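Q: Could you walk me through a few local features of this model, starting with surface charge and then going on to the backbone?

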Amino acid sequence: MGQRDKEQTSNEQKNNEQESKVQGVLTEQAIWEQVDALEEPLIEAVRRLVRIDSVETPAKPGAPFGPGVKQALDEALALGRELGFSTVDLDGHIGYVEYGQGEDYVCAMGHVDVVPPGDGWRQPPFSGTLIDGTLYGRGVLDNKGPILACLYGLYALKELGYVPSHRIRIIFGCDEETGFEDLRYYLEKEEPPVYGFTPDCKFLVVYAERGRAVVRI
């Protein structure tokens with residue numbers, strides 16, 4: 001291959017890459033660089049959310065699963081707005097961040113409510129303490145950390161100019177730990193997604209929720 005052919009091939013590759021970015025088809029390297037740049041903001045976002053005690057308590061006006069859970073939902077949606085997304089709060093039962101256009105949508109479904117912390121913590125369970133690269137707090141794994149990772153993953157794609165063919169939602173449930181009444185309410189108000197996954201706890205190992213049956217005798 002001559003020098004002129006090499007230059008032409010190089011220019012074609014550059015043009016193809018630029019065209020791909022305009023169309024929202026991104027290189028793997030560009031995605032990883034953007035994700036790496038968001039590591040610290042993501043950690044700080046998780047700490048913000050973990051500092052909220054979002055164990056379910058008796059309902060209050062506007063807070064069907066208790067004030068703590070509502071505060072956590074408000075904080076998650078505030079994070080979404082800070083990243084430039086539109087947000088919807090379905091009467092305190094559940095909420096979501098949305099990106100893109102289209103008739104239907106895909107989603108990542110997580111939750112901001114947590115189980116009671118119990119005893120034996122090395123650090124206060126709602127402190128969001130970070131020591132030597134380890135983040136301590138109820139909800140870091142189940143499920144505030146994973147669902148915020150999805151939010152920041154979507155933000156990375158948005159910042160790189162990705163244009164999805166479907167709307168994308170990051171859904172923040174509020175009653176996963178005690179009964180899924182949030183999802184019942186959601187499906188009364190919204191159409192179901194055409195595809196979704198659940199980054200619950202140890203994602204990628206955990207990517208879905210099992211069914212639940214309640215039997216009263």
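**Surface charge and backbone**

A: Glu 33, Asp 36, Glu 39 and Glu 40 gather on the surface in a patch of negative charge, where a patch is made of residues with over 30% relative accessible area and no salt bridge, like charges being joined within 9 Å. Helices α2 (28-37) and α3 (39-50) are the elements that give two or more residues to this negative patch.

Q: What kind of model is it, and how are residues numbered?

A: This is a predicted model, in which local features need pLDDT of at least 70 and side-chain atom pairs count only at pLDDT 80 or more, while totals for chains, interfaces and linings use all residues. Residues are numbered from 1 along each chain as its sequence is written, and side-chain values use heavy atoms, with hydrogens and water left out.

Q: Switching to the backbone, which residues does the cis peptide bond join?

A: The cis bond joins Asp 142 and Asn 143, with omega about 10°, and Asn 143 is placed in the loop between β5 (134-136) and α5 (144-159).

Q: And Asp 91, what is its phi?

A: Asp 91 has a positive phi of about 60° although it is not a glycine, and its place is the loop between β1 (86-89) and β2 (94-99).

Q: Why does Asp 91 count as partly exposed?

A: Because its relative accessibility is 47%, and partly exposed means between buried (under 20% relative accessible area) and exposed (over 50%), with a 1.4 Å probe and protein chains only.

Definitions and conventions:
Patches are made of residues with over 30% relative accessible area and no salt bridge: like charges are joined within 9 Å, nonpolar side chains (Val, Leu, Ile, Met, Phe, Trp, Tyr) within 5 Å. Accessible areas come from the Shrake-Rupley method with a 1.4 Å probe; for residues, only the protein chains shown count as cover. A salt bridge is a side-chain nitrogen of Lys or Arg within 4 Å of a carboxyl oxygen of Asp or Glu. Lys and Arg count as positive and Asp and Glu as negative; His and the chain ends are not counted. The place of a charge is taken as NZ of Lys, CZ of Arg, CG of Asp or CD of Glu. Helices (H or I, at least four residues) and strands (E, at least two) are DSSP runs, numbered from the N terminus.
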